[in-house]
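Here is a short report on one protein chain. Keep the sequence and the 3D view open as you read.

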Amino acid sequence: MGRDYKGRLSAYRCIYAFIFLLSACSLTSFLLYSCRCTSTPGRGQSQEWEAAGLKPNPSTSSRPTIYLLSFQEAWNHLNFPPPAGRPRRRIMRIAVFVKKWAHASRAGGLERHAFTLHLQLAKMGHQIHIFTTSPTNASSSSFSFPSLPNLYFHFSRPTAAGYLDQSTVWNQFHAENSSGAGPFDVVHTESVGLMHTRSRNITNLAVSWHGIAYETIHSDIIQELLRSPEERPAHSLTDRVPKVVEEVKFFRSYAHHVATSDHVGDVLKRVYMIPEERVHVILNGVDSEIFRPDFVAGKEFRRKIGIPDSKSLVLGIAGRLVKDKGHPLIFEALKQMIDEDAEFRESAIVLVAGDGPWANRYRGLGPGSVIVLGPLEQSQLAKFYNAIDIFVNPTLRAQGLDHTLLEAMLCGKALLASRLASITGSVIVSDDVGYTSPPRVESFKRALYRVWSDGRQVLEKKGEVGRQRGMVLFTATKMAAAYERLFLCISSIGKRDGENQCQFKDPSW
């Protein structure tokens with residue numbers, strides 16, 4: 001009886017073991033199948049797979065075909081290599097409208113984007129026609145006008161408000177568009193360089209947004225919360241809502257929209273109600289030949305500006321030193337730390353690169369704690385990044401992607417920035433890259449103390465991880481390749497001759 005019982009028990013155990021093994025195999029197969037089915041097509045996964053020690057499937061037949069105008073993520077995740085061993089598909093004539101061309105050391109984000117992108121497209125062989133205002137307050141030598149045979153400038157006098165004179169540029173555009181060289185393949189406007197009243201009938205047009213009124217409301221709310229009791233309340237919030245309504249109405253007059261961050265792309269689709277196939281996310285990129293790790297240059301920069309070896313933490317701040325970039329916030333956080341903590345005061349120093357009203361206030365914190373460098377040209381700015389241990393960006397503007405973050409990232413530096421959706425959604429996506437803080441003084445103080453406590457070894461590791469991500473997503477070549485393919489796609493819509501450039505198979509699959 002006992003032997004029979006033991007026999008039956010042994011048999012049951014075998015059956016249970018077999019059922020468990022079968023269930024485990026089925027579950028594993030289901031999970032593997034689900035991963036293949038739910039993975040985003042064409043996400044440029046080769047870099048992620050290689051980091052995990054895996055190899056992508058090289059079979060061409062297994063690559064999914066993507067309809068680019070319906071692709072929901074940033075195009076930077078896709079790989080658009082030039083055709084190997086043969087000329088580029090097609091040289092395009094591109095018309096570009098930008099309010100102001102880049103000043104050597106004082107260019108804003110929009111101007112830097114226009115300069116970096118269209119110079120790169122010109123180097124790729126495309127014919128670029130820039131419609132912009134002529135320099136007025138500075139000599140033309142201080143503006144960056146590259147000498148390339150396929151880069152053309154069409155200047156006009158700015159309006160009293162500093163914008164493009166729409167009537168003049170429209171006549172310039174039509175004269176060039178009807179010239180013997182043929183019509184433009186695509187038209188690109190940086191924000192409202194070309195007003196919606198002129199753009200509404202241009203179907204081969206894309207607009208890149210570097211600031212929208214809806215996102216500025218968030219900045220206004222933060223600034224109001226940070227306002228000291230003695231300051232008068234701002235009335236910008238009252239004025240902002242009608243501007244959002246106005247934008248929602250006229251944004252539809254542009255055929256295609258490019259968002260420079262994942263968050264703004266979502267806002268354009270969900271809040272501004274622009275059809276998804278007309279909204280494309282292409283993240284900003286910077287010149288990786290200029291912004292790269294250079295230990296020797298960084299060390300020499302420190303020596304040149306007089307940073308003593310006793311300083312174990314070098315913090316860097318750069319950009320326009322104005323209120324909405326968060327300088328009242330970081331200034332107060334640093335002031336309190338310098339006043340309260342003698343050890344921090346002795347071991348840390350802050351480098352400030354840029355120009356604006358807050359420069360003198362930073363100087364008031366003392367030469368042993370802060371060095372204000374003024375505006376720097378790109379080559380010097382790269383040395384600045386290499387001289388610091390971490391880059392701090394306290395911006396209150398929840399839109400676009402600040403170029404300074406990307407420049408510091410490509411130089412291999414850890415980042416500390418405000419916890420805003422555009423930053424956490426596209427740049428500092430994890431603690432491996434850097435730190436984020438709510439835009440409050442006490443929160444930034446805690447974050448800065450954590451940075452100080454972590455030390456250089458931890459910061460260097462975060463910088464290495466950030467640079468790897470930056471080289472995949474945030475280079476000028478990656479940005480330009482994405483814009484080029486968007487422009488090729490737009491210019492091929494409705495044409496029966498040639499390949500449909502809106503269909504794409506990512507070679508990384």
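## Tyrosine 272 and the cores

Tyrosine 272 touches Ile212, Ala213, Tyr214, Val244, Glu247, Val248, Phe251, Arg252 and Val267, leaving aside residues up to four places away in sequence. Contact means heavy atoms within 4.5 Å. The model is predicted: local features need pLDDT of at least 70, side-chain atom pairs count only at pLDDT 80 or more, and totals for chains, interfaces and linings use all residues. Residues are numbered from 1 along each chain as its sequence is written, and side-chain values use heavy atoms, with hydrogens and water left out.

Tyr272 also belongs to the largest nonpolar core, which has 65 residues. Tyr272, Phe384 and Tyr385 have the most contacts inside this core. A second, separate core has 41 residues, including Ala114, Leu121, Ala481 and Ala482. A nonpolar core is a set of buried Ala, Val, Leu, Ile, Met, Phe, Trp, Tyr and Cys residues joined through side-chain atoms within 4.5 Å. Buried means under 20% relative accessible area, exposed over 50%, and partly exposed in between (1.4 Å probe, protein chains only). In soluble globular proteins, nonpolar side chains tend to be buried together.

## The seven-strand sheet

Which order do the strands of the open sheet of 7 take? The order is E4-E3-E2-E5-E6-E7-E8, with parallel pairing. Helices (H or I, at least four residues) and strands (E, at least two) are DSSP runs, numbered from the N terminus. Two strands pair if DSSP finds at least two bridges between them. Strand E4 (151-156) and strand E8 (279-281) stand at the edges. Each has a single partner strand, so one side of each has no neighbour in the sheet. From one strand to the next, the twist averages 20°.

Helix H3 (residues 109-123) packs on the sheet. H3 touches E2, strand E3 (127-133), E4, E5 and strand E6 (205-209), and its direction makes about 155° with that of E5. Axes are lines fitted to C-alpha atoms, for helices over the stretch in contact, and angles run from 0 to 180 degrees between N-to-C directions. Strand E2 (residues 93-97) pairs with strand E5 (residues 186-190) over 4 bridges, in the parallel sense. Isoleucine 94 has valine 186 in E5 as its bridge partner.

## Valine 98

Valine 98 sits in the loop between E2 and H3. Is valine 98 buried or exposed? Its relative accessibility is 0%, so valine 98 counts as buried. Among the residues that valine 98 touches are Leu110, Ala114, Ile130 and Glu190. Leucine 194 is 96 residues away along the chain, yet its C-alpha atom is 7.7 Å from that of valine 98.

## Strand E9

6 of the 6 residues of E9 are buried, so E9 is largely enclosed by the rest of the structure. Leu313, Leu315 and Ile317 point one way, while Val314, Gly316 and Ala318 point the other way.

E9 runs parallel to strand E10 (residues 348-353), joined by 6 bridges. E9 also pairs with strand E12 (residues 390-393), in the parallel sense, over 2 bridges.

## Helix H9

In helix H9 (residues 295-305), the buried residues are Ala297, Gly298, Phe301 and Arg302. They cover an arc of only 140° around the axis, which puts them on the same side of H9. The arc is that of the directions from the helix axis to the C-beta atoms.

These buried residues pack against strand E9 (313-318), strand E11 (370-374), helix H13 (378-387) and helix H16 (441-473). The face turned away from the buried side of H9 carries the exposed residues Phe295, Val296, Lys299, Arg303 and Lys304.
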